[in-house]
Amino acid sequence: MEKKEDKLKDFLKSNNSNANSNTNSNNTNFQDNNPNNLQGRIKVDKIVADSNFTNMSMEDLPFSMFYPIGTKLFVRPLKTKEIESFSVVNENNEFDVSLKLAEVLEHAVELHFPDGSIKSGHYLFAGDKRTVLVYLSGLTIKNGPKLGILSKCTKTSCNTDLFIDLYPKNYIYPKPNEKILKYFDLSSRKFIFPLKNGDRVVMSPPTVLEEKVIQSYIFQQALSKKDVNIAFLEYYGWLNDREDITIDDCKQAEFDFSVMNKEKFMFIYDTIKMMNFEVTEVFTVCPKCSTEVSEPYRFPNGARNLFIIPNAFDEFIA
Ligand SMILES: [Zn+2]
């Protein structure tokens, strides 16, 4: 948690200095992140039917338990225009990357819910983003190299070079904390915790859209040089109990959070640490000595190379 806060602080710092001193037109990155472009309710009115959509298994998703049973996931390869936007992504800016990826998910992913409604990939849980993106990458770059992490067998007498591809078969799924599991409500697909003081805490993971709105709220606060309660924003994604949130909702919630009773706050603070569903490691078995080798989950060469092959000349020339 602390590490992420530090990153956010660094990001806010660097963008504040950009806003103060840099009006250079090459610095388009902050423009892209301008919360005014994202402000308010972001609605998907209509998703145009596209025959390129193919079914992807829900079960592989680390947060699959939080979707209504019977939800189906459809994805399509990126179009050239969409790939182009990745050629200008600022890899050093985690939030620029995050916004671009959210854009991809909005257009190339459909969720079909059992009630018949269809929503864009904005309604994926944020923790499932990487899994879907790797899948999209594979669909988009059919003839390219596989996405994966180079590693070496950890047995010293073996030391074989290994390649761990980023597909769910190689995921190390974290074990959910037994203590919280019995509070998982099967019909709403959320955690509902009754407290001794009569309060109730409802927790479910943030969606891609919620994450995006919360980040936009942070940008907006940073632009107007206001303090941002980053701890709260970490929690809000999990505490929000509505489908669509706006920047105004964030403001209101930040206030509510500041006047929340202490017991409830401490409960949330402790419980959120147990909400451990994100896949952070991948593994493979060494073909020579059968040792299991794991690596931290990361995109090799950053997010750009999800959709743009490095050395495309060599890859594609006949
Ligand atoms: Zn080995």
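1. R189 is found in the loop between β8 (184-185) and β9 (190-194); helices (H or I, at least four residues) and strands (E, at least two) are DSSP runs, numbered from the N terminus. Phi of R189 is near 60°, a positive value in a residue other than glycine. The residue is partly exposed, with 16 other C-beta atoms within 10 Å. Burial is assigned by the number of other C-beta atoms, placed from the backbone, within 10 Å of a residue's own: buried at 20 or more, exposed at 12 or fewer, and partly exposed in between.

2. The model is predicted, with local features requiring a pLDDT of at least 70 and side-chain atom pairs counted only at pLDDT 80 or more, whereas totals for chains, interfaces and linings use all residues. Residues are numbered from 1 along each chain as its sequence is written. The pLDDT, the predictor's confidence in each residue from 0 to 100, averages 80 over the protein chain, and 84% of the residues score at least 70. Over residues 15-49 the pLDDT is below 50, and this stretch has 35 contacts in the model beyond near neighbours in sequence. A contact requires the C-beta atoms of two residues, placed from the backbone, to lie within 7 Å.

3. For the chain as a whole, 11 helices and 12 strands are assigned. Buried residues make up 25% of the 318 residues. Of the contacts with a separation of 6 or more, 67% are accounted for by residues 24 or more positions apart.

4. A second residue with positive phi is S290, at about 65° although it is not a glycine. S290 lies in the loop between β11 and β12 and is exposed, with 10 other C-beta atoms within 10 Å. The two strands form a hairpin with 6 residues between them. Strand β12 (residues 292-296) is joined to β11 by 5 bridges, and the two run antiparallel; strands are taken to pair if DSSP finds at least two bridges between them.

5. E281 is the bridge partner of I172, and in β12 the bridge partner of E281 is P296.

6. An open sheet of 4 strands has the order β1-β2-β3-β4, with antiparallel pairing. At its edges stand β1 (54-56) and β4 (118-120), each with a single partner strand, so one side of each is left without a neighbour in the sheet. The twist averages 35° from one strand to the next. Within this sheet, 4 bridges join β2 (residues 72-75) to β3 (residues 109-112), and K72 stands opposite H112 in β3.

7. Helix α5 (residues 129-140) lies across β1, β2 and β3, running at about 40° to β2. Axes are lines fitted to C-alpha atoms, for helices over the stretch in contact, and angles run from 0 to 180 degrees between N-to-C directions.

8. The largest nonpolar core has 46 residues, and those with the most contacts inside it are L105, L124, V132 and L136. Such a core is a set of buried Ala, Val, Leu, Ile, Met, Phe, Trp, Tyr and Cys residues joined through C-beta atoms within 7 Å. At least two residues of this core come from each of β2, α4 (94-108), β3, α5, α7, α8 (230-239) and α9 (247-258). The largest share, 8 residues, comes from α7. Not counting residues up to four places away in sequence, L105 touches G121, H122, L124, K129, V132 and V208.

9. Helix α7 (residues 208-223) is largely enclosed by the rest of the structure, because 14 of its 16 residues are buried. From its first C-alpha to its last the helix reaches 22 Å, close to the 22 Å expected at 1.5 Å a residue; the expected span is 1.5 Å times one less than the number of residues. Just after α7, K225 takes a positive phi of about 55°.

10. Finally, E84 is found in helix α3 (residues 80-86) and is exposed, with 12 other C-beta atoms within 10 Å. E84 and I308 are 224 residues apart in sequence and 8.7 Å apart in space, C-alpha to C-alpha.
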